[in-house]
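Notebook open. I want to look up the chain interface first, then the domains, then one hairpin.

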Amino acid sequence: MDESTKRLLQRLIRRIPTQMLRTTLDKWGRLTGGQLHSMDFTQSKWALTEKLLAICEENELAVKHITELEMIYIIDNPNQGMWYAFQLMDPEDDAHSVELTQFKEQFKSHLRELIRHVSVKIKKHTDEAVWIRIAWGDTFSRPNHMKPTYVVHSLQTPYVFVTSLTSKQKPLLSQALVLSTRYQAIKDANLSGRKLTAIRDLLMRQYHQVFPTRYPTPLAENNPAVSNQHIEKEQAESAANRLQAACEAFGGGMLPQLQSAVYKLETKFRDHSNKTMTEREEPFRCVVKFASTNLLESLRHCASSGIASTPVTPLLSSIPLKGKNYFVITDNGPGPSSQMRQPQK
Amino acid sequence: MAGASTKGVLSHLSLLEVQARSRKTPPQQPSRVKELKAKAEALMTQRDQLKAEIETHKSLQKLRASMDKQCTHEEEEEEEMAIDSENSQLLRLMARHTQLKDLLHAHDIIGGYNVIKTRKGKGLCVSLTTAYNGVYLENYNLEMDLKPTLRISRDNIPPFIPLKSLAEQSNMQTDIRTLLDPLSQHLNAFAARKQQLKLVKELHKSVQVMESNALCSLLVLMFTVPREKTAVLCSLEYTDHTRCLPTRVHFECEDKGLPDSPEWKKNSSLLMETPVHKALITMKKMGDIV
């Protein structure tokens, strides 16, 4: 094992929390039973790393095996780093019949055509998602395994999720994806977050959405505070209506965890008490950012508790409706799909 | 015979005879009057009839309005009718008849799908149910705006169902069923294929699922032939997304002759015609697979 491989392994082991190390190594399956047994997981990370290095030398493992281990760990713990969503546009007629082997072959060959030194690993996860690990090199240097890009895509759906991609690598990846999935274009879906599962669930609509029904089932609200029986009785109907509207806008039950929503405003300044600003011709550019550990949950609570008025403003309800958390708002009518019209006051 | 004088008398007599005869027939004027009188009477009866019909219709409408209110508010109110009981019974029946006819017509328009009004009549929400084998599966919803044109505003249809293209190809502005029927077909077929996959995983542990996809339009299974323990790779392609049976079955095996053998040709047509989880039961019975 050469120096770079050793460093790769060291960094990886440092990254994996001790409590997950055993199961991850087990899944990897590159250690014999005896070797796995011989590792003492109560030791310090440093000691464990040294032990593992020795075992890997013994088994004559190479870079490709280490990257295997990394991939196993990332697939099981995807909610780290920043993930960005992309959307494939305009499927060709045969996009619906693209199957896994075909996709794998096509993706690898297209990427290799675009950039000579690249290391691609593709794995199918049990939940139908295809995981791709790409280590980028260039004309002169070997692939850099320290900064790999991970791509997640479910065939026959238009969404692709990517982490750790530089702007130089983006066009190469886009090209390879478009050609191998048989679509015509790919665009930024304007959705990002730390939890892959959250942004994926939001776009694939895999959370509990609430629709108006004739016989609405009672929606549970996590609000145990009961101050006064009389107030509660009086407010019961309007509270129930607010809760229904909030759940219809954001969803019921557990919501996908988004961390932020960004609104880039390119609208004219509007405040009649400030003549200098309103007289300016150019739009007043500013950025509004909402941040939270669980943004959708917070917004839903704002609506159900009455802080935000119901029906919920489309500025906020567009987050789950359109599956985006980055919006550009202009004064002039509907612009390109990433923009939203400002509601008339 | 006295020619001239007889002529004169006879002709005069015949003239008198004619005059006398003509006096016996009734004069034209009185008959015309009677005719007109009869016509007037007929018209008056017709007018009375129409008046009665209008009255009935008015009472029917009142009764129907109260019936509709009864339906929405589920109140047990007896509407006061200012007519005798026999007529009121008949009227009630007639009102109920029109109500049922209207209901049938509405049902026909929306094709039996569950539709409710939202936002005080400005929108509606359609609920599409899916079921397979007598079991209800997922429920999907479409929220639509009615003005200015019928338009889908929100939905929870999975992204691999081509909702947008189905909407574009449909005639939904004039007949919403041209959207709902194909959509329901796609959703039910998807639910059926998904359920079949679930059953294959549950009931046939000896069969390995090598590949499947989110749309459940592709399924690759691995069979084991009993005696020789050879593996057979079976690919099922469901290219028609409105059906829950495959459009193509393909076997791959190390033993190149196996897919062409009569038993496996039979298995191929079995898999094309029977849902996969059931086909596997038959194949196991026939001893073709473990």
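How many salt bridges are there between chain A and chain B? I count zero. I keep in mind that this is a predicted model.

**Chain interface.** I looked up the contacts next. On chain A, 21 residues touch 20 residues of chain B. The two chains bury about 1800 Å² between them, with 59% of it on carbon and sulfur atoms. I checked which residues of chain A supply this area. Glu128(A), Phe211(A) and Pro212(A) give 31% of what chain A buries against chain B, more than any other three residues. For polar contacts across the interface I find five residue pairs, both partners at pLDDT 80 or more. I then sorted the chain A side by class: 10 nonpolar, five polar and six charged residues.

**Domains of chain A.** I noted three: domain 1 (3-76), domain 2 (83-203) and domain 3 (255-336). I took the centres of domains 2 and 3 over C-alpha atoms, and they lie 31 Å apart. Here 12 residues of domain 2 contact 11 residues of domain 3. About 930 Å² is buried between these two domains, 58% of it on carbon and sulfur atoms. Salt bridges between them number zero. Polar contacts link five residue pairs, again with both at pLDDT 80 or more. On the domain 2 side, β6 (183-193) and α8 (196-203) of chain A are the elements that give two or more residues. That side holds six nonpolar, three polar and three charged residues.

**Hairpin in chain B.** I ended with β3(B) (residues 135-145) and β4(B) (residues 151-155), which pair antiparallel over four bridges. They form a hairpin with five residues between them. Met144(B) stands opposite Ile152(B).

Technical notes: Residues are numbered from 1 along each chain as its sequence is written. Chains are lettered from A and ligands numbered from 1 in the order in which they are written. This is a predicted model: local features need pLDDT of at least 70, side-chain atom pairs count only at pLDDT 80 or more; totals for chains, interfaces and linings use all residues. Side-chain values use heavy atoms; hydrogens and water are left out. Contact means heavy atoms within 4.5 Å. Buried area is the accessible area (1.4 Å probe) that two parts lose on being put together, summed over both. A salt bridge is a side-chain nitrogen of Lys or Arg within 4 Å of a carboxyl oxygen of Asp or Glu. A polar contact is a pair of N or O atoms within 3.5 Å; within protein, one must be able to donate a hydrogen and the other to accept it, and residues adjacent in sequence count only if both atoms are side-chain atoms. Ala, Val, Leu, Ile, Met, Phe, Trp, Tyr, Cys and Pro count as nonpolar, Asp, Glu, Lys and Arg as charged, and the others, Gly among them, as polar. Two strands pair if DSSP finds at least two bridges between them. Domain bounds come from an automatic or database domain assignment.
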